[in-house]
Amino acid sequence: MEFRKNQSAGYLLNHLARIFARGLSARIKPLGLTTGTFPALLELWETDGLTQKQLVERLDIEQATMANTLSRMERDGLISRRKDESDGRVQRVWLSERARALRAPAISAALAENEDALSGLSSAEQQQFVALMQKVIETSPGAEDGER
């Protein structure tokens, strides 16, 4: 079996992810945000006060990567970390007012990037494309264990 990168789902998805990341980065940089912090912000905008472990699980990234990301976010005034009221061993991550205020413009930037990147597809194709990506993620090995 011959490998052709233009027929490889993995290669194409990685390339597409880089295209999206570059576009999103350019749109959120004026807000003082990066593509590294954006996924954590999305989770915290949805559920503020998560633990670092919960963020690691939800974002499917390494613990060390999450720790570094949270340190940068804290340095940049986007979050604070405070001990859990019922379990002092656990720290929760809370959004700052600045981070809360960035939600609308950051989400608008992401929506605009999605719209531009998918503009070559019809509305039905866009819906199908997203549905197929969701299906691949949901049915990938490890998905049932919360690894995806």
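Arg-27, Glu-113 and Asp-116 are linked in a network of salt bridges. A salt bridge here is a side-chain nitrogen of Lys or Arg within 4 Å of a carboxyl oxygen of Asp or Glu. The model is predicted, so local features need pLDDT of at least 70 and side-chain atom pairs pLDDT 80 or more, whereas totals for chains, interfaces and linings use all residues. Residues are numbered from 1 along each chain as its sequence is written, and side-chain values use heavy atoms, without hydrogens and water.

Across the whole structure, 10 salt bridges are found. In the pair Arg-27 and Glu-113, the closest N and O atoms are 2.8 Å apart. This pair links distant parts of the chain, 86 residues apart: Arg-27 sits in helix α1, Glu-113 in helix α5 (residues 97–117). Helices are DSSP runs (H or I, at least four residues), as are strands (E, at least two), numbered from the N terminus. Arg-27 is partly exposed at 29% relative accessibility. Glu-113 is buried at 9%. Buried means under 20% relative accessible area, exposed over 50%, and partly exposed in between (1.4 Å probe, protein chains only).

A second salt bridge joins Arg-58 and Glu-43 (3.4 Å, N to O). Arg-58 belongs to helix α3 (residues 52–59) and Glu-43 to helix α2 (residues 38–46), so the pair ties together parts 15 residues apart in sequence. Arg-58 is partly exposed, at 38%, while Glu-43 is buried, at 17%.

Arg-100 and Asp-48 also meet in a salt bridge (3.1 Å, N to O). Arg-100 lies in helix α5 and Asp-48 in the loop between α2 and β1 (50–51), so parts 52 residues apart in sequence are tied together.
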